[in-house]
Structure formats: structure tokens, C-alpha cells
Amino acid sequence: MAEDVDAWGQLLTAANAGDARAYARFLQSVTPVLRGIVRAKGGGLGEAGCEDVLQEVLLAVHLKRHTWDQGAPVRPWLYAITRYKVVDAFRARGRKIDLPIEDFAEVLAAEAGPDPTEAADMAKMIDMLDGRSAEIVRKIGLEGVSVAETGQALTMSEGAVRVALHRALKTLAILRERHVK
Amino acid sequence: MKTDDLIRALAADTQPGPDLRSLLLARLLPALGLAAVAVWLVLGFRADLGAAMLTPVSVARILLTGVLGIAASRLALLLARPEGRQTARLWPLAAVAAAALGLLAWAYLTTPEGARQMAMVGKTMTTCLVTIPLLSILPVAALHYTLRQGAVTAPLRAGFVAGLSGSGFSAAIYALHCTEDSPLFYVTWYGLAIAGVTLVSTIVGARSLRW
């Protein structure tokens, strides 16, 4: 676990410098831990519901990754975002939850293995995006198409695809905020 | 959508996020510069500014409000981070407040009884109470705008320090015009103006800094 945490700092540093592969590894490696936290706190939501909340947390981590202070430990930063978003997500679903931050240290990662559940909320939000943005998110996310190929398919430059993707993800966060409530 | 798919989409977005510290500086410094120019053009700096700068009791106004502004803006940057809720310590602000109250008590004791009321009420109370909040609008807005781009997890506290910072700096700028050098005046009325701005900023922040 301690090695993981050091690795998180290195991966996130590389990610914030623009290394997409390091960033993917960072997200993949924090996801089981965050999933464990969400499940431990929100058993009543069911697996798919927990996965919705987890995805909300990941989106928040993504959009706020610039607020991590390079050199500071990743864990308190990550847990603070997680706590904030989990409390928010539960409130939005009409539950109250008390989440002392100290508890987080003790939550174990959910057992590894393939991502088990299909979450529903994110797909609904993607449907609400404008056609082109939705297509970009689907191509890159669901179909695993690279940014360059997505650009070719949509006759856009790579840079334009990246800008559009960034905007789309920001919009997704705003849509969630509005619609889950 | 599966979480692995989401991660793929997130990882493809390599647009770097903003650096909050430089963003805040790039917004706050022009806002304060504009406030200083506005005071200079509309009200004028005090005629004896040079001499006042050598008078400790007069310089104390600028020092106290300036230190308040700096301390609170540093806290704002801390509170822009999600873990700021745990790491930001508000006691430096209390230290500034204690110093101001100490100065007030000292002035009360050293001012002759008959002159106290006049020193406290002064002649420019209304100008002070109107100008400091007006000067605070842009700096406080700059702070709020920057905080919104951060990840504030304590919106009430963030709004509070944003208000203190913006109005502290603005009071320091107003002091370049104001000739009321008695702590009985400035601790009272600058303090009230700062408190008013901070109250509004706290209420606004508690709502608008959620994300």
C-alpha cells in the first residue's frame, strides 16, 4: 500500500505534465481504493449506484487535478475530494451521511478484478451533450479510439478534439450536478 | 458506461489545469492597482502622505490591513485546495484582530477623556464606510472567481477569508487618502467596513463556492 501511494505522486506529477499514459495508470490504480470507500459508505445504494457515485468522484478528481500541490502527499488530497463528492452524491440522493475523514485511512481497496458493473448515470449525461461532444466522448471512452483517429473520423484537428473533450467533461460535471439532484 | 471506459476518456484529456497562485496574482494585483488609481483620481491621496508614512500610529493602519490582506489571501489559496479544510489554520487572522484591538485599547487609554468621542467619530466616517466596500468589490470578486476554479471543500470559510483579504487590501489603499490617524477612529470604522464586506463575502461564498 505504501508503495502504491508513492507511485501515485509520481504518476500524478507526470499526468499533470501531460503524460496521458501515466494519468491512465494513476486513475486505474486509485479506482479500486475509491470504489472500496464508496461501497463501504454506501452499501444501500447497490453496486450500480455505488459505481455511479465512484464515476462522479473520478470526474471530480479529473477536473480538479490541478489543485494537487506537486510534492504534497496525494492521499489527503484525493480523500478530501472523495469525501466532498461522496457526501454531495448521497445528499443529492436524499440521504445524509457522516464521513469522518479519519475513517478513510482504514478502508481497504475493493478486491481487484475486472470492473464489474455498468453504471447508468454517466451514459444518460453523455446523451445530453451536443451530438459532436457526445460522439467524441463515446469514441474515446467506449470504443477506445485514439484522439488522433477520432479527429480523422470527425475531420477535426487533434488539438480541437482535445479541447472539445475537455469541454465535454466539464459539461458532464455540470450536468450531473443539475440532474442527479 | 463502465468505469474503465470513463477512465479512458478522462486520460485522453490532457489539457493542463490552471495554476491558481499565478491566476490569483494576475487578477488581484490589477484589481488593487485599479482601486489605488480610483482613490488617487477621485479622492486624492492625503497631502501629508510623506509625513504620515513616518508616523507609526498612521503607518499601523496600512500595516494591519495589509497584513490582514496578505494573510487572508494565503489562506484563500490554501482553501482553494480540497484538503485546505484540514490544513488551513485561521489563527493568524485572530492575531491581526488582537493587534488591532490592542491598539484600540492603547488609544483609548492615552486619549484624554474629553477628546475620546471626537477622535472616534471623526469627520469622515461615512466616506470610510462607503469607500472601503466599494473598493473591495473587484478584489473580492477576483478572489471568488479564482476560488471557483479551485476545489473548495469549506465554502463558508473560503468566502470568509476572501472577504477579509479583499477588504483588508482595500482598506490599506483607502488609508492613503484618509487623514484620520487615531486608532479610535480607524480600528472602529475600518473594522466595521471590513466586517460588512466579509459578512457578504461569506454568505455569497457559502453558496457559490460549492461544486
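The model is predicted, so local features are taken at pLDDT of at least 70 and side-chain atom pairs at pLDDT 80 or more, while totals for chains, interfaces and linings use all residues. Residues are numbered from 1 along each chain as its sequence is written, with chains lettered from A and ligands numbered from 1 in the order in which they are written.

Let's start inside. The largest nonpolar core holds 105 residues; such a core is a set of buried Ala, Val, Leu, Ile, Met, Phe, Trp, Tyr and Cys residues joined through C-beta atoms within 7 Å. Buried here means 20 or more other C-beta atoms within 10 Å of a residue's own, against 12 or fewer for exposed and partly exposed in between, with C-beta atoms placed from the backbone. A:Val57 and B:Ala76 have the most contacts inside this core. Its largest share, 10 residues, comes from helix α9 (residues 155-174) of chain B; helices are DSSP runs of H or I with at least four residues, numbered from the N terminus. The core also draws at least three residues from each of domain 1 (2-106) and domain 2 (121-180) of chain A, with bounds from an automatic or database domain assignment.

What does B:Ala76 touch, leaving aside its neighbours within four places in sequence? Its contacts (C-beta atoms within 7 Å, placed from the backbone) are B:Leu143, B:Leu147, B:Ala158, B:Val161, B:Ala162 and B:Ser165.

Over in chain B, helix α1 (residues 3-12) has 9 of its 10 residues buried, so it is largely enclosed by the rest of the structure. Among the buried ones are B:Asp5 and B:Arg8.

Last stop: B:Glu180, in the loop between α9 and α10 (183-208) of chain B. Leaving aside its neighbours within four places in sequence, B:Glu180 is in contact with B:Gly122, B:Thr124, B:Phe185 and B:Tyr186.

Methods:
Helices (H or I, at least four residues) and strands (E, at least two) are DSSP runs, numbered from the N terminus. Two residues are in contact if their C-beta atoms, placed from the backbone, lie within 7 Å.
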